[in-house]
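Work through the exercises below with the sequence and the 3D view open. Each task is followed by a solution in steps.

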Amino acid sequence: MSICNEEDEQDEKADSSKAPFDYLEALHSALLHENDPVKRQQIEAGMVFKWLKEEPLPFLRQLRRERPIFANPALTLVTRYNDVIEVLNTNDVFTIDNIAPKLIEDVGQNILAMNDSPKYEKEKSLLRLAFPRADLPRYRQFVIEEANRLLTHVGIDRPFDLAGEYALKVPAAAMARYLGVGEIPTEKVVAWTHALFHDIFLNPTNDPAAVGAAKAARQEALPMIDAMIAARKKQLAQSPPPEQPSVMDRYLLMQAVPETYESDEGIRDVILGLLMGCVDLSGGAIVNVLVELMKRPRVLREALNVANVADDAAITGYVLEALRFRPPSVGVTSRCVREYTVGLGTHHQAKIPAGALVMACSASAMHDPEHIAAPDEFKPGRLASKNYLFWESGIHTCHGKYVAILHISIAVKQLLRAGVPYRIDPTPRHHGYPSAFRVRLAPVEG
């Protein structure tokens, strides 16, 4: 059996030869005969959010060219590389005030809900001590073990749900083990983190069902994590420190020093927050990488070859480039707390009013031809510092970015070692949380 035919690649080339859809004209036409301001806002917001979910790159490409800073009543989109970097790094103006209340309510008082402050610096320092980059080799082994365990249940030529049976479970299980709560069933971790993530980041209208699901997840999670912390604290008091401590272990051991003390409740909230920030995005990223590889037969063949290379950097080049075309999120949303001009001195400079919700569209910045060479070409091995902005957000640049890169890359690598992925369901339109997406693995030809 050949790896795959060239139909998808030919379909993509055919699509790219068509005249581009004019999103701004479509928006203008939809609003042309509607005079009710409330209905106009609803129509505009609905169309913009639909495009951001289903076809972000072509929509953002037009905005980059014609409306680099696109303001509408619901959200201001910043699309060019320099402007995105400016917003991400002007943390005294663009803050997390838009999501902080929900973060505190759903996962507790922790660094994710803090703007720049002495308290933030302390919490960040504790996190660096408890969650060091030096742990990557040990964490890598956790990911390999969890990926292989799941793949033994998948087998060859059996349809399976790439999202639910693999992509979400790999980071959930590996991260729970590393944090020190590996006894929690993986299915519970996936369910909790999705409910929490959805309410915090994807529920701007406060849908009661989403709010209720998040509350139920927190109420179930807290006593389980509290019990594990209490039991582990008792064990550590009676035994020498472990040679390979978990994140929980390190936080508990640091309680002996006033300068590094974190309460048991604070440790619990850190653990829940780290799980919440990991599973949905990483699971979505794993699915997105494999979708993009399956769309490109030649690239998939190359990735299958490098999956057998010992050095993980080889497959990571394909992973990061695939995510540039299908990132798990379009960008970082923040609240503008005082009037500010983005892109000052450029022909497209725009004044952002205080209170506006602003999205720094990293998905767009990663395709800006003024800063990214040949942005429409799939080129593994680009320099990550300039071209990949998935985990960048000023002071809130993801502390776990190296862990995320590792477990996404290893999950993809182990799956490609197990077999050649073929899609069964149509390619998912949404680029965010991975819904059920059935694929099968065919044998890798010798």
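**Exercise 1. A helix pair**

In which hand of crossing does α12 pass α13? Describe the contact between the two helices as well.

Solution. The model is a predicted one.
Step 1. Locate the helices: α12 covers residues 208-238 and α13 covers residues 247-254.
Step 2. Take the geometry. The two axes come within 10 Å and cross at roughly 65 degrees. The crossing of α12 past α13 is right-handed.
Step 3. List the residues in contact. From α12 these are Met228, Ile229, Arg232, Lys233 and Leu236; from α13 they are Met248, Asp249, Leu252 and Leu253.
Step 4. Sort them by class: the contact has 6 nonpolar residues, 3 charged residues and no polar ones.

**Exercise 2. Cysteines**

How many disulfides does a search of the whole structure find?

Solution. 
Step 1. The search finds 0 disulfides.
Step 2. For Cys336, the nearest cysteine sulfur belongs to Cys361 and is 15 Å away. A disulfide needs two cysteine sulfur atoms within 2.5 Å, and Cys336 is in none.
Step 3. Cys398 is in no disulfide either; its nearest cysteine sulfur, that of Cys278, is 8.8 Å away.
Step 4. Cys336 counts as buried because its relative accessibility is 0%, under the 20% cut-off. Cys398, at 31%, is partly exposed.

**Exercise 3. Positive phi**

Find where Asp157 lies and where Ala374 is found, and give the phi of each residue.

Solution. 
Step 1. Asp157 sits in the loop that runs between α8 (136-154) and β4 (160-161). Its phi is near 65 degrees, which is positive although the residue is not glycine.
Step 2. Asp157 has 43% relative accessibility, so it counts as partly exposed.
Step 3. Ala374 belongs to the loop between α17 (362-365) and α18 (384-387). Its phi, near 45 degrees, is again a positive value in a residue other than glycine.
Step 4. Ala374 has 28% relative accessibility and therefore counts as partly exposed.

How values were computed: Residues numbered from 1 in each chain as written. Predicted model: local features only at pLDDT ≥ 70, side-chain atom pairs only at ≥ 80, totals over all residues. Heavy atoms only, no water. Buried < 20%, exposed > 50% of the residue type's maximum accessible area, 1.4 Å probe, protein only. Axes fitted to C-alpha atoms, helices over the stretch in contact; angles between N-to-C directions. Helix = DSSP H or I, 4+ residues; strand = E, 2+ residues; numbered from the N terminus. Left-handed = near helix turned anticlockwise from the far one by under 90°. Contact = heavy atoms within 4.5 Å. Nonpolar A, V, L, I, M, F, W, Y, C, P; charged D, E, K, R; others polar.
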